[in-house]
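Subject: Structure for you, with notes

Hi,

Here is the structure I said I'd pass on.

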Amino acid sequence: MFDYYLFNPIGQKGLNLFEEEYQETTDLTKAKVALIRSANIHDLDFPEKLVAIARAGAGVNNIPLDECTKKGIVVFNTPGANANSVKELVLGGMIIASRNVLSSVDWVKASKDEADIAKLAEQTKKAFTGNELAGKTLGVIGLGSIGVLVANAALALGMRVLGYDPFLSVKSAWNLSHEVEHISNIEDIYIQSDYITLHLPLVDATEKMIDARVVQLFKKGVVLLNYARDTLIDEEALCPALESGHIAKYVTDFPNPTSASLPNTIITPHIGATTTESEDNCAKMAVSQLRQYVEHGNIVNSVNFPNCSLGPIGAYTRLCILHENKPNMIGRLTTWLGNRDINIVNFMNQSKDGYAYSIMDIDGNSIEHFKEDLANGDGVCRIRIIKGGEHG
């Protein structure tokens, strides 16, 4: 039997992918793997038994990656699983901001007791004159799975689309329409765009990237959309521009004391991925990745260890070693095995930053009674041994 722990409720369609040998536990110390959405676990003392955490979503800033890595806990996320959900909300935010939808709805509610509200509406509607998206320029900063969908959809709405991403992946490049104009200088996005939308991860280089200096480069009347992370923007620096109309609207999914106090904002309560479809997609991807790792040792979509796979387990024992990426580490491991008459049949090693993952199918002498000795080697984070039909 194999135990999993839920830090947050997870879509049932994902949990249904766990077979009978898997069972939920409410005791984290008993769990082999865990699933999480938004719970903050930075202060958590991780139990020794825990080997993996899957985040049903893309962002992992609620998980202490450094600590997990040192303890050999593989952290997964689910990139792209909620992309369509966020894309639709971004497009909705653009339309709502451009057509004064919220203020017009508020007018109707305030006028509900008027005897001839229909006639009054005809007389008042010019006060809510907006702008169409067609013919306007949208700047998309970050062309990952969400940014690509937003860019392509905006083209279909008749917009000119500028895209900026110095680290554009091959997959994104294949999916991105050739009509999106690739911009190499991000300031061109700021200067030319009527709408700017952010789709970037939060790292040191992107924190508060939209500051007072950048705001001065914006076109007058720009609509700024942020469905990525609130701290990509120095929100206090937006206030004067929002008050003057230099920024027409700030549309974001991240309410906080600063953003909630700004004028001319449209703020939703972090609902970008809150659709039934998105939650199901994230849950299914998260569970599938956990099962691949637990049952076969394969790593797909990890944020702290490299992706590495040998496919399904065959007749051999599979040895999985999470370790530091240091000189002669592979030589030490293979020599150690050879000295004990353990033959390596298949082997794969990948590295990521300061850490690496070695996965190998072996035969020969049993490795079970050597496991502790190998696990205690310098630079080894965790050892797992998996046999066909078993979970190490």
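A quick definition to start: two strands pair if DSSP finds at least two bridges between them. Strands and helices here are DSSP runs (E, at least two residues, for strands; H or I, at least four, for helices), numbered from the N terminus. Bear in mind that this is a predicted model, so local features need pLDDT of at least 70 and side-chain atom pairs count only at pLDDT 80 or more, while totals for chains, interfaces and linings use all residues. Residues are numbered from 1 along each chain as its sequence is written, and side-chain values use heavy atoms, with hydrogens and water left out.

On to the sheet. Five strands make an open sheet in the order β2-β1-β3-β4-β5, with parallel pairing. At its edges sit β2 (22-24) and β5 (74-76), each pairing on one side only. From one strand to the next, the twist averages 25°; axes are lines fitted to C-alpha atoms (for helices over the stretch in contact), and angles run from 0 to 180 degrees between N-to-C directions. β4 (residues 52-55) pairs with β5 in the parallel sense over 3 bridges, and Ala 52 has Val 74 in β5 as its bridge partner.

Helix α11 lies across β1 (2-6), β2, β3 (33-36), β4 and β5, and runs at about 165° to β3. Contact here means heavy atoms within 4.5 Å.

Now the salt bridges (a side-chain nitrogen of Lys or Arg within 4 Å of a carboxyl oxygen of Asp or Glu). The whole structure has 14 of them. One joins Asp 280 to Lys 13, with the closest N and O atoms 3.9 Å apart. That pair links distant parts of the chain, Asp 280 being in α11 (residues 276-296) and Lys 13 in α1 (residues 12-15), 267 residues apart. Asp 280 is buried at 13% relative accessible area. For reference, buried means under 20%, exposed over 50% and partly exposed in between (1.4 Å probe, protein chains only).

Asp 378 and Lys 326 form another, at 3.2 Å between the closest N and O atoms. Asp 378 counts as exposed at 51%, and Lys 326 as partly exposed at 27%.

Lys 112 and Asp 113 also meet in a salt bridge (3.6 Å, N to O), and both residues are exposed. Finally, Glu 19, Arg 291 and Glu 295 are linked in a salt-bridge network.

Cheers
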